[in-house]
Amino acid sequence: MLAYSNASIAPEFPGTRRAVLSFAILLGVSAAVIALRPGIARAHAIIVAAQPAMNSTVARGELEIRLDFNSQIDRKRSRLSLQRPDGSEIIVALAPYGPAGVLAGQAQATLSGSWKLRWQVLSLDGHITRGEVRFFVRELDRAR
Ligand SMILES: [Cu+2]
């Protein structure tokens, strides 16, 4: 009975069913493209300036972080984290206000050594990009 009613309904709306299926596939493909898109190749929000700068050395203590992107970003769906020399991770609280293409925050750089600032941003065109900035922390008197 069930099979009979399905069979009787389906032929009446073949175009609609096909359109719905095509749309569902298109959505799935779009999501996959966004998920697989690497942060470097053809990125949609890319860094134009970084503080701390890539491979720079900064003084131990209060760390001011600022990343400038080439486009507006959705701050609520973007994040910054720091990987410390011992491998542990700090989530950086983002400054809630500021220019539309900027992510900023502060952290305590308490360990000397090699750090990584990891960023992930959602640009307003819906694409997620990510990357990292390596920098070094040293004691103040040896930093500059
Ligand atoms: Cu894009």
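**Notebook: a first look at the chain**

I count a contact when the C-beta atoms of two residues, placed from the backbone, lie within 7 Å. Residues 36-43 also have a pLDDT below 50. That stretch has six contacts in the model beyond near neighbours in sequence. Where pLDDT is low, the predicted coordinates should not be read in detail.

I noted that this is a predicted model, in which local features need pLDDT of at least 70 and side-chain atom pairs count only at pLDDT 80 or more, while totals for chains, interfaces and linings use all residues. Residues are numbered from 1 along each chain as its sequence is written.

**Whole chain**

I looked up the confidence for the chain: pLDDT averages 80, and 67% of the residues score at least 70. The chain has 144 residues, and 17% of them are buried. Buried means 20 or more other C-beta atoms within 10 Å of the residue's own; exposed means 12 or fewer, and partly exposed lies in between, with C-beta atoms placed from the backbone. Of the contacts with a separation of 6 or more, 66% join residues 24 or more positions apart.

I then listed the secondary structure and found three helices and eight strands. These are DSSP runs numbered from the N terminus: helices are H or I, at least four residues, and strands are E, at least two. From the N terminus, the order is α-α-β-β-β-β-β-β-β-β-α.

I traced an open sheet of three strands, in the order 1-3-6, with antiparallel pairing. Two strands pair if DSSP finds at least two bridges between them. Strand 1 (47-51) and strand 6 (102-109) are the edges, each pairing on one side only. The twist averages 10 degrees from one strand to the next, with axes as lines fitted to C-alpha atoms and angles from 0 to 180 degrees between N-to-C directions.

I checked strand 3 (residues 61-69) against strand 6: eight bridges join them, and they run antiparallel. Glu 64 stands opposite Gln 106 in strand 6.

**Gln 72**

I stopped at Gln 72, in the loop between strand 3 and strand 4 (73-83). Gln 72 counts as partly exposed because it has 15 C-beta neighbours inside 10 Å. Beyond its neighbours within four places in sequence, Gln 72 touches Ala 100, Gly 101, Ser 123 and Leu 124 by the contact criterion. Leu 122 is 50 residues from Gln 72 in sequence, yet 8.9 Å away in space, C-alpha to C-alpha.

Key: pLDDT = per-residue confidence, 0-100.
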